[in-house]
Structures are given as structure tokens and as C-alpha cells.
Amino acid sequence: MAAILALPLGYLLAALLLGTVPANVAWREPESGVDIFLRTNGVHTWIVVPKVNAVMDWRPYARGEHLRDPRWGAADHVAFGYGNREFYLNTPTWADLSPKTAALALFGAGPSLLHVEHDHRPSEDEWTRRMTITPGEYRRLADYIRRRFQLDAEGRTMPVLGRGYSDWDMFYEANGGYSFVLTCNEWTGRALRHAGIGTGAWTPFPQSLMWRLD
């Protein structure tokens with residue numbers, strides 16, 4: 001019994017410790033550059049970026065015609081999140097979560113999805129924080145996200161049509177796994193670390209990411 005209780009406690013302690021250990025310790029926010037946002041709902045995080053700028057054009061990856069309401073394709077930002085396919089598609093609310101789905105997600109069984117939301121004129125609030133990064137950092141961040149999209153034989157992204165939560169979001173088939181090590185929030189942390197941006201060494205929880213921006 002003690003060993004069973006020790007596992008989640010050890011996980012929480014590791015997350016707390018490694019979330020405070022800085023990666024890219026020399027990073028400093030520049031005075032000007034590309035404004036991006038980190039957003040959370042308290043459980044999950046998204047990276048919100050401009051839909052089009054001189055570095056990256058996301059419109060071929062997240063097309064407006066994929067959406068339930070294509071008018072959202074005119075929004076000026078896109079938000080990227082990551083998760084287990086079974087969890088995303090079959091757990092729209094926590095009440096829908098089954099032990100089987102939770103176990104499959106935690107232990108890395110099954111494919112993953114990118115969750116893309118179209119957002120217009122995002123701003124800071126209780127759940128959203130802005131940061132400025134250099135164009136070079138944004139190029140590396142965009143490259144990390146872009147490579148997570150699974151492409152078909154013609155090089156197009158693969159939407160799971162009709163399965164978004166709302167009029168302005170869509171799921172896309174993704175490359176990579178999901179587990180209690182690589183959570184949705186750790187995926188966000190890996191994207192930031194790949195870009196050279198300061199964050200925690202391991203970020204399985206949203207608090208591991210958001211507290212640095214308060």
C-alpha cells in the first residue's frame with residue numbers, strides 16, 4: 001500500500017522540483033519581436049501564435065474550411081495544444097472519462113492529436129499570458145509545432161472532420177506519443193525549450209509553465 005501511494009507522491013515531487021529547475025537559463029525576453037501567448041484552462045495549456053507573419057503562415061496547416069464555422073478562418077491567431085487521441089475525442093467532459101481511457105493516455109497507448117483553435121485578437125487575462133520572443137526563437141517554435149502535424153500522401157494536414165468541440169476548433173492527426181511523462185503541458189514545455197525560451201526542465205502540469213509568467 002505504501003509503495004502504491006509513493007508513486008503519485010514521487011511524481012508530484014518530481015514535477016514540482018523539475019518545474020522550478022530552469023531550462024535555457026540565459027534566456028531573456030526581448031524588447032521587441034513576435035508576441036505569443038500561453039493559455040491554460042487550469043488543466044491543459046495551449047501556445048497561441050500569429051496565424052500569419054514574416055516567419056510562418058499557418059493557413060495551409062489549419063484551414064478555415066476544416067471548421068464547423070469557416071468564418072473563424074479569418075481569425076488572426078491560432079492556438080496549439082496536444083493530447084491523446086482517445087482522450088480528446090471521447091472525453092468532452094470529465095464526466096465522460098473512463099478508467100480505460102485514462103490508463104491508455106497515462107501509459108502512452110494509441111496515437112495523439114493536435115488541437116487547433118482559431119482565436120481573434122487574444123489578450124492577457126486570468127488564464128492567458130503574453131510573452132515576446134525573437135523571430136529566430138519563433139522560427140524554431142513554429143518548426144517544432146509544424147513537425148508534429150501528420151501529413152497525408154499529398155503533404156496535407158489530416159483533420160478529424162466534425163470532431164471539434166466548437167465552431168472555431170479542429171483536431172489534427174499528430175506525430176508523437178502521449179504519457180504521464182509527455183503530457184499536454186510537457187509538450188508545451190518541449191516546444192518552448194526547443195525554441196530556446198526559458199521554462200522548466202520538465203513541465204507536466206500547467207502550473208509548471210504559467211508561474212514564470214506571473
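Five bridges join strand 5 (residues 112-119) to strand 7, and the two run antiparallel. Strands here pair if DSSP finds at least two bridges between them; helices (H or I, at least four residues) and strands (E, at least two) are DSSP runs, numbered from the N terminus. The model is predicted, so local features need pLDDT of at least 70 and side-chain atom pairs count only at pLDDT 80 or more, while totals for chains, interfaces and linings use all residues. Residues are numbered from 1 along each chain as its sequence is written, and side-chain values use heavy atoms, with hydrogens and water left out.

**Strand 7**

In strand 7, M170 is the bridge partner of V116. Side chains in a regular strand alternate between the two faces of the sheet. Both faces of strand 7 are covered: D169, F171 and E173 are buried on one side, and M170 and Y172 on the other. Buried means under 20% relative accessible area, exposed over 50%, and partly exposed in between (1.4 Å probe, protein chains only). Because five of the five residues of strand 7 (residues 169-173) are buried, the strand is largely enclosed by the rest of the structure.

**N185 in helix 5**

N185 belongs to helix 5 (residues 184-195) and is buried, with a relative accessible area of 2%. Its side chain makes a polar contact with the side chain of T45 at 2.8 Å. A polar contact is a pair of N or O atoms within 3.5 Å; within protein, one must be able to donate a hydrogen and the other to accept it, and residues adjacent in sequence count only if both atoms are side-chain atoms. Leaving aside neighbours within four places in sequence, N185 is in contact (heavy atoms within 4.5 Å) with residues including V43, H44, T203 and L209.

**Aromatic rings**

Rings of Phe, Tyr and Trp (its six-membered ring) pair if their centres lie within 6.5 Å; planes under 30 degrees apart count as stacked, over 60 as edge-to-face and the rest as tilted.

| Pair | Centre distance | Plane angle | Class |
|---|---|---|---|
| W58 and Y61 | 5.6 Å | 70 degrees | edge-to-face |
| Y144 and W187 | 6.0 Å | 55 degrees | tilted |

Y144 lies in helix 4 (residues 135-148) and W187 in helix 5, so this pair ties together parts that are 43 residues apart in sequence. Both Y144 and W187 are buried. W58 is buried at a relative accessible area of 1%, and Y61 is buried at 17%. Ring pairs link W58, Y61, F80, F149 and Y172 into a cluster.
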